[in-house]
Amino acid sequence: MFYLKHKGKKLTICDNNVYTRCPVCGREHPVDLMDILAGGDCDLYGTVVYCEECSCKRDNVGKQLEPHRTEIVAIAKRHDTTESKVREIVVSALVAGLSVQAGLAGARLALSTEDGTEEFFTVNDVAAILGTDEQTAAQEMEKTGVSPARITTLPGFEWLLGK
């Protein structure tokens, strides 16, 4: 049996007196510790439980990621992490109203910051993050002193083609 101690009193932990706050909306809601502990992969400090409404939103948002599974797998492999960790980062971006592309770029950025792996971002990635077009993204990059690299094969090989 587990219990809490508060001011010398024992407070029994039951299936009907455990609550948490949703990490998205902050709403307090009941949780069933048996369900959480049954998964076997949790701890009392790192486990979050979403309210029913936010959980449904996350499930719907998660479905948007299916066409991007290959990209998610590639990011996970590059950063030696799990697909679920990458998905979680991207889903968080979608729940916050960002695009899938912004979420994928955000996952790459977050994971590269964490593990020190070098990442290169395209102007298209920056545009997705900023929610703008590529031209505006390039202008914003230049304002901050970042010159986007322009990569093309034709001008560098004109001599080979006899032009």
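Predicted model: local features only at pLDDT ≥ 70, side-chain atom pairs only at ≥ 80, totals over all residues.

Biologist: Let's start with helix 4 and helix 5; at what angle do they pack, and how far apart are their axes?

Modeller: Helix 4, residues 83-95, packs on helix 5, residues 100-115, at an angle of about 130 degrees, and the two axes are 8 Å apart. That angle makes helix 4 oblique to helix 5, and the crossing of the two is right-handed.

Biologist: Which residues make that contact?

Modeller: On the helix 4 side they are K85, V86, I89, V90, A93 and L94, while helix 5 contributes V100, G103, L104, G106, A107, A110, L111 and E114. Sorted by class, the contact between helix 4 and helix 5 consists of 10 nonpolar, two polar and two charged residues.

Biologist: And helix 3 against helix 4, what is the crossing angle there?

Modeller: The axes of helix 3 and helix 4 cross at roughly 115 degrees and come within 8 Å, and helix 3 passes helix 4 in a right-handed crossing. Helix 3 makes this contact through R69, I72, V73, I75 and A76, and helix 4 makes it through E83, V86 and R87. By class, five of the residues in the contact of helix 3 with helix 4 are nonpolar, none is polar and three are charged.

Biologist: Switching to the largest nonpolar core, which members touch the most others?

Modeller: The largest nonpolar core has 13 residues, of which L65, V86, V90, L94 and L104 touch the most other members. Helix 3, helix 4 and helix 5 each supply at least two residues of this core. Apart from it lies another core of six residues, including V123, A127, A137 and A138.

Biologist: Where does L65 sit, and is it buried or exposed?

Modeller: L65 lies in the loop between helix 2 and helix 3, and its relative accessible area of 0% means that L65 is buried. Not counting residues up to four places away in sequence, L65 touches I72, R87, V90, V91, L94 and V100.

Biologist: What about L94, what is it in contact with?

Modeller: Leaving aside neighbours within four places in sequence, L94 is in contact with V61, Q64, L65, S99 and V100.

Biologist: Moving on to helix 6, which of its residues are buried?

Modeller: In helix 6, residues 123-130, the buried ones are V123, D125, V126, A127 and A128, and these pack against helix 5 and helix 7. After helix 6 comes G131, which has a positive phi near 70 degrees.

Biologist: Last one, where is P23, and what does it touch?

Modeller: P23 is in the loop between strand 3 and strand 4, and with 44% relative accessibility P23 counts as partly exposed. Not counting residues up to four places away in sequence, P23 touches V48, V49 and Y50. Between the C-alpha atoms of P23 and E142, which are 119 residues apart along the chain, the separation is 36 Å.

Conventions
Residues numbered from 1 in each chain as written. Heavy atoms only, no water. Axes fitted to C-alpha atoms, helices over the stretch in contact; angles between N-to-C directions. Helix = DSSP H or I, 4+ residues; strand = E, 2+ residues; numbered from the N terminus. Parallel < 35°, antiparallel > 145°, perpendicular 65-115°, else oblique. Left-handed = near helix turned anticlockwise from the far one by under 90°. Contact = heavy atoms within 4.5 Å. Nonpolar A, V, L, I, M, F, W, Y, C, P; charged D, E, K, R; others polar. Core = buried A, V, L, I, M, F, W, Y, C linked by side-chain atoms within 4.5 Å. Buried < 20%, exposed > 50% of the residue type's maximum accessible area, 1.4 Å probe, protein only.
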